[in-house]
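Dear colleague,

I am passing on a structure together with some notes on selected parts of it. Please look at the model first and then read on.

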Amino acid sequence: MNIKLYSGVSKDMRRKTFTRTTLYVAVGVFLILGVTGAVNIANTSSAAAESIDWMSDGVSVVREMDRSTDVGGVPPNHVQACTHKSVQLDKVELFDACVYQAKSFSLARETVCQPNLYGSCNYQTSMLIGFNDGNRMYRIDGLLTMVSWVCWQVSPETNRLVVACGGAVGVIDDLVANLTKTSDFGGDKYQFNPDNLTYLRDSRDWVLRIDSAAMSKNGKWLIGEATNHGLIRVNLEDSSVRMFLQTGQYTGYGMDPTMEFAVTGDGQYVAAGGWNNGATMYKIDDSCGRQASVYLTSWNKLDSSFTSCPSKDISAMLMAANGPTSGFRAATYPSFSDDSGQLELLYSPYTWSDDVYQSWMTLTADNYTAGSDLPMRFGYLAMGDSYSSGEGDVGKGEGGNRYYALNAQGIVDACHVSPRSY
């Protein structure tokens with residue numbers, strides 16, 4: 001393409017001016033696009049996150065009929081999914097394990113049969129840890145003696161470990177930093193000191209009674225059932241607590257409901273399910289509930305002025321997707337997608353038939369499009385044809401020559417392809 005920029009000047013001057021102008025325009029366009037593009041991308045991402053609505057009638061549900069409901073032996077009250085893969089312990093051969101991934105480590109368990117005199121097994125279970133260096137894992141002493149393996153949860157984005165069962169919640173902000181490496185005849189292993197576990201406490205400094213809890217994937221939020229009193233959200237970064245529902249389930253009575261939770265990365269939406277407990281979505285903001293730097297024992301008394309956070313019953317849409325006459329029994333293993341726009345859970349009907357049975361359900365928030373909340377990223381943008389052709393490579397190498405071919409040095413209309421072009 002020929003463009004006449006100037007008249008009355010030499011051809012060499014036009015070439016130099018064109019090259020310089022092209023570079024200036026390209027740099028200018030790059031800066032404009034870089035700045036405005038970054039602003040537009042950030043605004044688009046923020047707008048997408050703010051537009052997601054889990055409380056409207058536009059929430060939809062899809063029954064995944066072809067998906068296996070086999071959860072690999074993980075019990076329902078363990079709300080975090082694992083990945084089955086082969087791991088190696090010491091120098092023994094590989095074996096399959098249920099692995100949970102944190103930011104810089106992974107956890108698994110090993111169960112070994114020790115034959116007894118009666119011809120059966122005395123099972124011994126060990127906790128294993130890996131450090132993202134392949135499939136190699138090591139035993140941890142002191143962690144399993146503290147809690148059952150089904151009680152802990154890890155965050156894929158942090159090294160935080162939450163232990164939630166037995167009526168209490170303990171938090172280890174950085175598990176790796178609290179391990180001591182040792183060795184014995186079996187090889188290297190790690191020791192954990194249970195004294196390093198910090199339990200959530202109330203305003204009296206008593207360990208807070210929490211029967212069910214779940215941590216967000218980013219490790220910032222924890223949703224807990226303050227037994228017989230209500231539901232709370234804990235900010236694990238500053239330990240502040242917000243009670244967002246004051247009248248909770250009564251554990252130990254009647255059908256003895258169990259609760260399971262999932263919470264979005266911003267702590268705004270909470271999905272609550274479990275057995276004999278229904279399925280409910282909550283929206284938490286500063287206008288509802290009560291917040292303090294610690295759980296206040298005064299919250300244990302019903303207060304008529306307490307404003308619970310908005311809620312939406314989602315059990316009806318689950319039944320409708322699976323067969324309206326099936327009834328509702330449980331919604332287990334709830335989990336939000338990374339961008340908070342979808343929720344999956346395992347629905348269990350009250351009555352079963354050939355067409356009505358336990359199924360995975362995927363719920364989608366209103367105003368959500370898959371991938372809409374994922375920010376666009378680019379590291380470098382080059383524009384213009386002068387540089388790619390070599391014409392804009394005006395730098396000089398050894399000997400003072402430019403990076404053009406040797407037979408094209410100083411020749412205006414020669415091919416100026418540069419080895420540094422791309």
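**Arg-242 and its surroundings**

Leaving aside neighbours within four places in sequence, Arg-242 is in contact with Leu-231, Ile-232, Arg-233, Ile-284, Asp-285, Asp-286, Cys-288, Gly-289, Arg-290 and Gln-291, where contact means heavy atoms within 4.5 Å. Please keep in mind that this is a predicted model, in which local features need pLDDT of at least 70 and side-chain atom pairs count only at pLDDT 80 or more, while totals for chains, interfaces and linings use all residues. Residues are numbered from 1 along each chain as its sequence is written, and side-chain values use heavy atoms, with hydrogens and water left out.

Arg-242 belongs to strand β16, which covers residues 241-245; helices (H or I, at least four residues) and strands (E, at least two) are DSSP runs, numbered from the N terminus. With a relative accessible area of 6%, Arg-242 is buried, a label that stands for under 20% relative accessible area, whereas exposed stands for over 50% and partly exposed for values in between, using a 1.4 Å probe and protein chains only. The side chain of Arg-242 reaches the backbone oxygen of Cys-288 at 2.7 Å, and a polar contact of 2.9 Å joins the side chain of Arg-242 to that of Gln-291. A polar contact is a pair of N or O atoms within 3.5 Å; within protein, one must be able to donate a hydrogen and the other to accept it, and residues adjacent in sequence count only if both atoms are side-chain atoms.

Phe-244 and Cys-288 are 44 residues apart along the chain, and their C-alpha atoms are separated by 6.6 Å.

Strand β16 takes part in an open sheet of five strands, with the order β13-β14-β15-β16-β20 and antiparallel pairing; two strands pair if DSSP finds at least two bridges between them. The edge strands are β13 (210-215) and β20, each of which pairs on one side only. Strands β16 and β20 run antiparallel and are joined by three bridges, and Met-243 has Arg-290 as its bridge partner in β20.

**The four-stranded sheet**

A further open sheet has four strands in the order β7-β8-β9-β12, again with antiparallel pairing. Because β7 (152-154) and β12 (198-199) stand at the edges, each with a single partner strand, one side of each is left without a neighbour in the sheet. Strand β9 (residues 168-172) pairs with β12 in the antiparallel sense over two bridges, and the bridge partner of Val-171 in β12 is Thr-198.

**Two serines in loops**

Ser-56 lies in the loop between α1 (11-51) and β1 (60-64) and, at 16% relative accessibility, counts as buried. Apart from neighbours within four places in sequence, Ser-56 is in contact with Lys-312 and Asp-366. Ser-298 is found in the loop between β20 (290-292) and β21 (311-313), and its relative accessibility of 48% makes it partly exposed. Ser-298 and Ser-203 are 95 residues apart in sequence and 9.0 Å apart in space, taken from C-alpha to C-alpha.
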